[in-house]
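These are my notebook entries on a single structure. I record what I looked up, element by element.

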Amino acid sequence: MALPFLPGNSPNERLGKERFHKSQHFNYSSGVPMLVGSEKPGIGGEHLVGQEIKPKYSVYPIGSGTGLPPWVTFDKQVLCFDAYFQETVPEAQSETYRIRKCKIYFFLEDDTIQVVEPEYKNSGIPQGTLIRRHRIPLPPPNEGQFYNLFHFNINQQMKLHSRTFTVTDCDSFTRNFLTKLGVHVNNPTTVPEDPYSSLREQLKKSMQPLRPYERHDTLKQFLDHDRKVLRFYCFWDDSQSIYVDLRELILHYFLVDDTIEIREVIPPNSGRDKVNKFLRRCRLPKHVPAKVKQPGEITDRTVLNVLTSSTMGNRYILDSLKTGAVHEEFYKDCDLIIGGEVNVWGRRVILADCDDFTKHYYRAKYGIEDFTPLQYKAPPAPKPPRPVPPYNGFGSEEDSLSFCQRLLPKPPRKDFQKFMAKDRYGLDSKVLNFQAKMITADPVDRERVFIISFYLSNDTISVFERPQKNSGVLGGKFLERGRVKKPGQELFKSQLSQYFTAQDLYVGATLCLNSINFQLLDADEYTFKYMEQHAEEFPRANMGIIISKLRSLPEEKQCEIRKFLTLSDPSNTGFIPFESIRSLLLGLDCNLSEHEVLVLGRCFSEREQTQVDVGLMLAVAQDFLKKKAFEEFPKMARAFADHDRHKTQRLSTKAIWTICKAFHLPVPNSLLEGLLSKFADGDEIDYYAFLAGINWLEHPAPPVMPEDTLKFEVDVGFDGGRAAVKNINYSAFLQDAFSLPSNSSDTSA
């Protein structure tokens with residue numbers, strides 16, 4: 001019984017519905033407004049009254065045995081059918097209709113069809129894709145449905161967009177696929193003959209010659225020796241002429257077709273006209289014929305007789321034995337040897353030398369090893385020396401020299417390879433830093449501390465003075481970065497001046513920079529490590545050279561050294577202070593420098609590394625960022641996240657260094673390197689922790705003193721030299737240096 005139509009009893013159709021969207025039924029196609037959504041449902045995706053939704057997927061198959069969709073199961077599986085259609089040609093006199101062959105492709109994944117017509121040469125018809133790939137509806141009255149798999153078979157007609165196609169055949173995959181589905185595949189049928197194509201074929205045959213054909217297969221020689229040319233340097237002994245001189249020639253032998261080309265080398269100011277070629281490219285006969293053959297006398301084919309028949313036409317018989325052929329010998333690669341002669345149409349050409357490729361060819365094919373060239377001309381006279389005028393003082397010496405080398409001067413070329421090899425790469429700065437003091441009698445200048453930096457990329461030097469409290473001297477940049485000349489050189493001279501190199505800088509050396517003498521007292525840890533890793537470039541850090549100097553001492557001196565070192569260790573701990581052995585080594589007569597003694601101490605010591613407080617480093621870094629008003633921390637976090645492909649919140653040290661430099665992080669390089677090394681866990685860094693440490697906006701650090709900032713602003717930390725070397729293992733030192741064992745009981749010897 002129906003409920004009365006009272007308030008509360010009326011049904012609510014929207015009750016429980018969550019989707020109320022409206023489908024769009026109108027759109028623009030090629031700029032024309034039209035109805036494109038007649039098959040779309042109504043409000044909320046519900047069907048309208050009397051609406052039938054067309055199927056969107058293939059009737060076959062859903063996937064037998066698997067639950068995968070058709071676009072996965074039948075991906076890249078296509079049925080191929082051969083077909084043709086007849087086209088009427090009303091305006092041509094030579095044809096009334098045309099048969100056009102094509103291929104029909106049915107894609108199993110989405111029931112789409114594509115029709116392609118193969119392109120024929122000189123057809124004059126636009127060919128290619130006739131129907132692009134899409135679902136094609138059935139002809140009326142079933143235009144609401146689409147072609148599917150079961151509409152295809154051989155020897156039947158299909159109407160695709162008002163054009164009737166006749167299916168004639170299919171490939172083996174299509175036949176097997178349809179057979180497995182239970183479809184009876186008809187037998188293939190023939191394609192009707194196209195009258196115009198037959199006419200074109202007859203015309204083409206009529207234009208072909210009927211002479212006998214003999215195949216000469218040169219494809220293998222072409223594929224094996226294409227673009228391979230033998231080059232010989234030769235000369236023409238033209239002693240018969242009134243001007244007895246040698247004509248230099250270059251002979252090219254092309255292996256691809258055994259042809260020879262000769263070019264003449266005409267020296268400058270010889271009085272001869274320059275010609276393109278001495279001999280054009282051709283096959284060169286060995287023996288010059290007495291009479292040149294006329295065109296047609298030398299042929300590749302020999303015909304015995306000609307038979308004429310009224311019914312069969314003319315017939316030719318080819319002589320397979322070539323009894324009437326003219327045999328002529330031509331030069332081959334085996335005839336060309338150094339010292340041999342080549343008869344170039346009566347001219348005597350002698351081969352004198354060849355290039356490297358020709359030598360390798362003859363060595364590999366014929367086993368020839370003797371390629372001694374012939375000396376057919378006097379050696380060239382040495383060029384007269386070109387004295388260089390002395391330097392005039394304008395510009396640099398290299399720039400002034402370029403004006404003397406060419407008419408149009410060019411700027412001096414820099415050593416780009418050295419720059420790429422020695423330039424900064426990641427945390428490897430390629431800069432050697434030394435601590436120095438000024439050599440002077442002034443007591444104020446003697447206490448000044450300088451940092452001399454040598455840049456390996458371009459051999460430039462810069463000097464920085466560390467500020468000191470209450471010294472009365474203003475610190476900062478003391479010498480601009482640039483190349484520094486060695487002292488004692490003449491200013492106006494023809495030779496280029498000598499500049500300081502990396503080998504001239506070592507601990508204990510004295511440098512004269514712009515008439516001021518500096519003594520190098522110490523170096524940082526990176527400098528020592530770099531010089532020790534590249535000991536072949538720095539003799540002062542080469543342990544082999546240092547040990548050889550110690551072994552050059554007499555045996556009496558070596559015994560005294562062992563006795564002194566043993567007495568210096570009364571407790572027999574195996575270690576003695578570095579200062580004791582340093583004073584001993586510097587007093588020996590083996591010319592050991594301060595740097596070499598430090599290298600020995602670093603090799604045989606257990607050095608204590610000075611630890612820097614991480615909190616202080618972060619506070620100094622925040623102080624630098626705060627002074628420069630750097631606030632790009634959210635952008636840096638996004639950049640780190642973009643480079644983190646695996647979302648592990650960790651990146652390599654090199655990647656973080658690159659991103660920091662891309663954002664121009666205003667932090668000194670030494671401080672940034674120290675922070676990255678502190679946060680590094682192996683070769684990876686937690687970039688969120690790194691950003692939180694330097695973010696002065698969200699995690700401010702306590703203020704720092706100016707002297708703390710100066711420790712990192714200079715970019716150098718001298719903790720790897722004399723201060724880091726404490727005790728020396730003299731037992732290992734004696735064993736390696738003198739091959740003498742250390743024995744504390746032998747002190748009385």
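I take two strands as paired if DSSP finds at least two bridges between them. Helices (H or I, at least four residues) and strands (E, at least two) are DSSP runs, numbered from the N terminus. I note that this is a predicted model, in which local features need pLDDT of at least 70, side-chain atom pairs count only at pLDDT 80 or more, and totals for chains, interfaces and linings use all residues. Residues are numbered from 1 along each chain as its sequence is written, and side-chain values use heavy atoms, with hydrogens and water left out.

**Entry 1: the chain as a whole**

I counted 20 helices and 27 strands in the secondary structure of the protein chain. I set the burial classes as buried under 20% relative accessible area, exposed over 50% and partly exposed in between (1.4 Å probe, protein chains only). On that basis 33% of the 749 residues of the protein chain are buried. A contact here means heavy atoms within 4.5 Å. Of the contacts in the chain between residues at least 6 apart in sequence, 57% join residues at least 24 apart.

I looked up E25 (680–681), which is an edge strand, as is E24 (650–652); each pairs on one side only. E25 pairs with E26 (residues 684–686) in the antiparallel sense over two bridges. Within this pairing, Asp-681 has Glu-684 in E26 as its bridge partner. The open sheet has three strands in the order E24-E26-E25, with antiparallel pairing.

For angles, I use axes that are lines fitted to C-alpha atoms, for helices over the stretch in contact, and angles that run from 0 to 180 degrees between N-to-C directions. H18 (residues 687–694) lies across E24 and E26 and runs at about 55° to E26.

I then asked which residues of H15 (residues 633–643) are buried. They are Phe-633, Met-636, Ala-639, Phe-640 and Ala-641. Their cover includes H14 (614–627), E24, H16 (653–662) and H18.

**Entry 2: the six-stranded sheet**

I found an open sheet of six strands in the order E20-E19-E18-E17-E22-E21, with antiparallel pairing. Its edge strands are E20 (476–482) and E21 (510–513), each pairing on one side only. The twist from one strand to the next averages 30°.

E17 (residues 431–438) and E22 (residues 516–523) pair in the antiparallel sense over five bridges. The bridge partner of Phe-434 is Ala-523 in E22. H9 (residues 525–533) lies across E17 and E22, running at about 120° to E17.

**Entry 3: a hairpin**

E1 (residues 26–29) and E2 (residues 32–35) pair in the antiparallel sense over four bridges. Asn-27 has Met-34 in E2 as its bridge partner. The two strands form a hairpin with two residues between them, and Ser-30 in the turn has a positive phi of about 60°.

Two packed helices are described by the angle between their axes and the distance between the axes. I class angles under 35 degrees as roughly parallel, over 145 as roughly antiparallel, 65 to 115 as roughly perpendicular and the rest as oblique.

H11 (residues 555–567) packs on H12 at about 160°, with the axes 11 Å apart. H11 and H12 are therefore roughly antiparallel. Ile-561, Phe-564 and Leu-565 in H11 meet Ser-580, Ile-581 and Leu-584 in H12. By class, this contact has five nonpolar, one polar and no charged residues; Ala, Val, Leu, Ile, Met, Phe, Trp, Tyr, Cys and Pro count as nonpolar, Asp, Glu, Lys and Arg as charged, and the others, Gly among them, as polar.

H12 (residues 578–586) packs on H13 (residues 594–603) at about 140°, with the axes 10 Å apart. H12 and H13 are therefore oblique to each other. Phe-578, Arg-582, Leu-585 and Leu-586 in H12 meet Glu-594, Val-597, Leu-598, Leu-600 and Gly-601 in H13. The residues of this contact divide into six nonpolar, one polar and two charged.

**Entry 4: Gln-221**

Is Gln-221 buried, partly exposed or exposed? Gln-221 is partly exposed, with a relative accessible area of 26%. I located Gln-221 in H4 (residues 219–225). Not counting residues up to four places away in sequence, Gln-221 touches Asp-226, Leu-255, Val-256, Asp-257 and Asp-258. The C-alpha atoms of Gln-221 and Leu-255 are separated by 7.9 Å, the two residues being 34 apart along the chain.
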